[in-house]
Amino acid sequence: MPEITIPATDGSGSFSAYLAMPRQVPAGAVVMIQEIFGVNHAMRALSDWVADMGFIAISPDLFWRLEPGVQLTDSSEAEWQRAFDLMNRFDQAKGVEDLKATLQTARGLPGCNGKAGTMGFCLGGRLAFMMATQSDADVNISYYGVGIDGLLGDAGKIRAPLLLHIAERDRFVPAEAREKIVAGLADKPDVAVHVYPGVDHAFARMGGHSWDGRAATIANGRTAELLARVLG
């Protein structure tokens, strides 16, 4: 699949994005938001999966201001350390700006029906929540987002459907934080929060250290149903 180039809205340059097209258009678009490992094989495979479901998938390189083209895995300690270093230096506000630019680009792509949402994982799951409160995305989906309990003060700004997939035993989201998220979003009519028992962070990354086929299949089914309902 090709890569496209997207200009940054602050005039600081441009960044690449992996693009996966469905077999038939017009179709809705999904901005795929990376984990801390960059737009790696896993993110490209997930984008291909979304395209196979019938949506345009576009995964922007959010680390481009630090180091363009990062593609790490979770298979070595050195890669984990490098990924955490990138995450700690990453400007999340700029990341949201780049995601908004990607959203605008996605809506204007040939074959897009004008509807576009986001789907993020890990760091991307947090950013998907931020897009739910800071952008006009038509739908937002968060897989095991980190630190969302600290963002609940903005929950009143959510205007579009939001779906959160949370791992019960997420090593990066303590039980107290999980309970705070569930309680804090319980009264939001267009927000769905699902907790998957017995699984760890990244349970839906096929081939990853915490892959769980049952939980991933259930979560992905909910994702597919929501995308089909909102994006067409």
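**Layout first, then a buried histidine**

Modeller: Reading along the sequence, the protein chain runs β-β-β-α-β-α-α-β-α-β-β-α-β-α. Helices (H or I, at least four residues) and strands (E, at least two) are DSSP runs here, numbered from the N terminus. The radius of gyration, taken over C-alpha atoms, is 16 Å, close to the 17 Å that the globule rule gives for 232 residues, so the protein chain is as compact as a globular protein of that length. That rule is 2.2 Å times the number of residues to the power 0.38. Altogether there are six helices and eight strands, and the C-alpha trace spans about 45 × 40 × 35 Å along its principal axes.

Before we zoom in, a word on the model: it is predicted, so local features need pLDDT of at least 70 and side-chain atom pairs count only at pLDDT 80 or more, while totals for chains, interfaces and linings use all residues. Residues are numbered from 1 along each chain as its sequence is written, and side-chain values use heavy atoms, with hydrogens and water left out.

Buried residues make up 53% of the 232 in the protein chain. Buried means under 20% relative accessible area, exposed over 50%, and partly exposed in between (1.4 Å probe, protein chains only). As for contacts (heavy atoms within 4.5 Å), take those between residues at least 6 apart in sequence: 67% of them join residues at least 24 apart.

Now for the close look. Histidine 165 sits in strand β7, which covers residues 162–167. Its relative accessibility is 0%, so histidine 165 counts as buried. What does its side chain reach? The backbone oxygen of alanine 219, at 3.5 Å. Setting aside neighbours within four places in sequence, the contacts of histidine 165 include Tyr143, Tyr144, His194, Tyr196 and Arg222.

You'll find arginine 205 in the loop between β8 (191–196) and α6 (213–231). With 7% relative accessibility, arginine 205 also counts as buried. Its side chain and that of aspartate 74 are joined by a polar contact of 2.5 Å. A polar contact is a pair of N or O atoms within 3.5 Å; within protein, one must be able to donate a hydrogen and the other to accept it, and residues adjacent in sequence count only if both atoms are side-chain atoms.
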